[in-house]
Amino acid sequence: MRREATGEWRGWREATEEALYGPSGFYRRPEGPAGHFRTSVHASPLFARAVAELLCRVDEALGHPASLAFVDMAAGHGELAIGVLGALPAHVASRTRAYAVERAARPAGLDHRIEWLPEPPKGITGLLFANEWLDNVPVDVAEADSDGVRRLVLVRRDGTERLGEPVRGADSEWLRKWWPLPSGPAAPEAPGTETLSTETSARDPLSCEGTRAEIGLPRDTAWASAVSTVGRGLAVAVDYAHRTATRPPFGTLTGFRDGRETAPVPDGSCDITAHVALDACAARGGRGGRVITQRAALRALGVSGARPPLALASTDPTAYVRALASAGAGAELTAPGGLGDFGWLLQPVGIPHAPLGELLVDVADHEEQ
């Protein structure tokens with residue numbers, strides 16, 4: 001309360017942590033995330049069915065263990081875990097232990113088969129699936145000043161911002177490697193900070209002033225920690241993402257409230273999110289990680305937006321209507337410019353290439369088409 005009363009300036013990471021997960025934070029509210037925005041899980045049961053298919057492939061790669069884990073990170077109200085359990089064939093469901101990982105309290109009436117935890121269990125054999133988790137791992141924001149020095153952006157509870165001290169240390173190194181500024185003129189450099197490079201001194205000295213970046217190091221660390229809980233199996237992170245070569249020059253920090261995008265204000269009234277540098281997370285997660293699109297991943301798992309043949313309408317009208325509805329849902333989940341552009345980071349841990357390797361080959365083939 002002292003911070004709220006004084007309007008103290010804080011970095012976005014600290015402010016977001018309190019706004020989302022504090023005692024009166026956004027994710028403590030009873031309506032849950034589904035009350036404010038629509039994820040792939042809420043868009044269609046096809047998503048849970050695809051994740052169930054992925055779990056079956058992991059099960060096969062593991063040699064059908066006696067106990068197969070499914071861990072749903074940032075579970076909301078457990079919607080994905082419920083859908084996956086319902087979509088599994090009986091011989092897999094009977095061996096599956098489902099865990100929902102969420103900071104909020106367990107929802108009333110949740111399926112008794114789902115264990116509710118604040119942290120993922122350690123040493124699992126199976127699939128850890130993090131759908132839109134990393135984008136809500138709080139991060140600090142950096143902005144270049146008029147001298148090209150990246151400074152920490154400070155914020156108050158009402159969303160007012162100002163620039164603070166230069167970014168230093170590990171955060172500066174992360175920016176240098178994963179979110180470099182465009183080339184520009186030489187600039188004064190504080191010890192341990194990142195500034196503009198000197199490769200093209202003819203550029204406008206103010207060309208990079210005001211450019212922003214979200215410092216993704218906490219997400220790298222969070223992802224590496226999540227992957228470390230998998231003894232054998234697969235860890236998957238699904239999120240809006242960008243790569244080093246295409247980082248947005250003014251960042252992606254934003255808010256959502258009541259189904260609409262809004263200004264990010266760290267007062268607990270809205271979700272605060274930013275796209276994820278999944279390539280950086282992959283590098284920290286261990287060997288073998290790769291990032292693909294949701295469109296490619298879901299197609300490889302049997303989700304398609306293709307319309308059913310018109311002839312089916314004559315021979316079996318009911319089946320045609322069902323297939324048409326499924327095609328519409330599949331099209332939404334795989335749509336360019338929408339959910340289909342989400343990134344899937346797949347991080348295998350101690351499992352053979354086949355049959356999971358066949359999935360990755362299929363995905364690569366889809367990406368090329």
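Is Glu17 buried, partly exposed or exposed? At 31% relative accessibility, Glu17 counts as partly exposed. Here, buried means under 20% relative accessible area, exposed means over 50%, and partly exposed is in between (1.4 Å probe, protein chains only).

A quick note on the ground rules. This is a predicted model, where local features need pLDDT of at least 70, side-chain atom pairs count only at pLDDT 80 or more, and totals for chains, interfaces and linings use all residues. Residues are numbered from 1 along each chain as its sequence is written, and side-chain values use heavy atoms, leaving out hydrogens and water.

Now for the salt bridges (a side-chain nitrogen of Lys or Arg within 4 Å of a carboxyl oxygen of Asp or Glu). The whole structure has twelve of them, including these:

| Pair | N to O distance |
|---|---|
| Arg103 and Glu17 | 2.6 Å |
| Glu53 and Arg57 | 2.8 Å |
| Arg97 and Glu115 | 3.2 Å |

Glu53 and Arg57 both belong to helix 4 (residues 45–61), four residues apart, which is about one helical turn. Glu53 is partly exposed at 30%, while Arg57 is buried at 18%.

Notes. Helices (H or I, at least four residues) and strands (E, at least two) are DSSP runs, numbered from the N terminus.
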